[in-house]
Amino acid sequence: MKYQAVILDLDGVICFTDHYHYLAWKKIADDLETYFDEKINNRLRGVSRMESLEIILENFHGTLSEEEKYALAERKNEEYKRFLGQMTEKDLSLEVKAVLDELRGRGLKLAIGSSSKNAKFILERLGLKDYFDAVSDGTNISKSKPDPEVFLKAAEFLSIPPDKSLVVEDAKAGIQAAKSGGFDAAGLGEAGEDKMADYALKSFKELLKIMI
Ligand code: BG6
Ligand code: MG
């Protein structure tokens, strides 16, 4: 087999928390009387919380201190976590779970590579707390995607080299991160249209066709 491991992004690949990110940021943007829409939200995929705030503030007319920015990011996270708290195992799609089980059955190691500091909490909500062989997330990195650090850490945790691992991503920043770390990359949805992606997946189950 060409690959020994699959490193999966979380938000937008394993689960659909993107809309919760949108709703939480929208509340902050509205309070700041700052324009924010789903298109801008798409630019936040894979990007850290503080960098996401900077993108939102591109439309803000005024200046904020670092303390005020941290307070806004904190408030956004509190809003976001209220949505996460409502998630249950039912939010894990049967397709995703079946594909993960099948990959594992084929002898592949599975890891999470996510910029989120909430990754472990989300995995717990989905009933996947101890499912993955490794979890690399926003708590063990200093640079978020498009930097490859989160995926390089995941590969290191698995003890499998990047060129034997496939990264699955829904964000262009994630495809870029994977490629600059020496990984092959499969893009789900729009990320599959990225020229750098090695594979374009129309659905999660198409991953099984690559992993033969
Ligand atoms: C990524 C999301 O997974 O995590 C980004 O795609 C988000 O939109 C980033 O900003 C950081 O998330 P968190 O949960 O640490 O605020
Ligand atoms: Mg994502």
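How many nonpolar, polar and charged residues make up the shell around ligand 1? The shell has 3 nonpolar, 8 polar and 4 charged residues, where Ala, Val, Leu, Ile, Met, Phe, Trp, Tyr, Cys and Pro count as nonpolar, Asp, Glu, Lys and Arg as charged, and the others, Gly among them, as polar.

A quick word on the ground rules: this is a predicted model, with local features needing pLDDT of at least 70 and side-chain atom pairs pLDDT 80 or more, while totals for chains, interfaces and linings use all residues. Residues are numbered from 1 along each chain as its sequence is written, chains are lettered from A and ligands numbered from 1 in the order written, and side-chain values use heavy atoms, without hydrogens and water.

Asp11, Val47, Ser116, Lys117 and Asn118 come nearest among the 15 residues around it (a heavy atom within 4 Å).

Now to the magnesium ion, ligand 2. Its protein donors (N, O or S atoms within 2.8 Å of the metal) are Asp9 (OD), Asp11 (O) and Asp170 (OD), at 2.0 to 2.1 Å. Their spacing in sequence is D-x1-D-x158-D. Both Asp9 and Asp11 are buried (under 20% relative accessible area, 1.4 Å probe, protein chains only).

Key. Donors are N, O and S atoms within 2.8 Å of the metal (3.2 Å for Na, K and Ca); water is not among the atoms, so sites may look incomplete. Buried means under 20% relative accessible area, exposed over 50%, partly exposed in between (1.4 Å probe, protein chains only).
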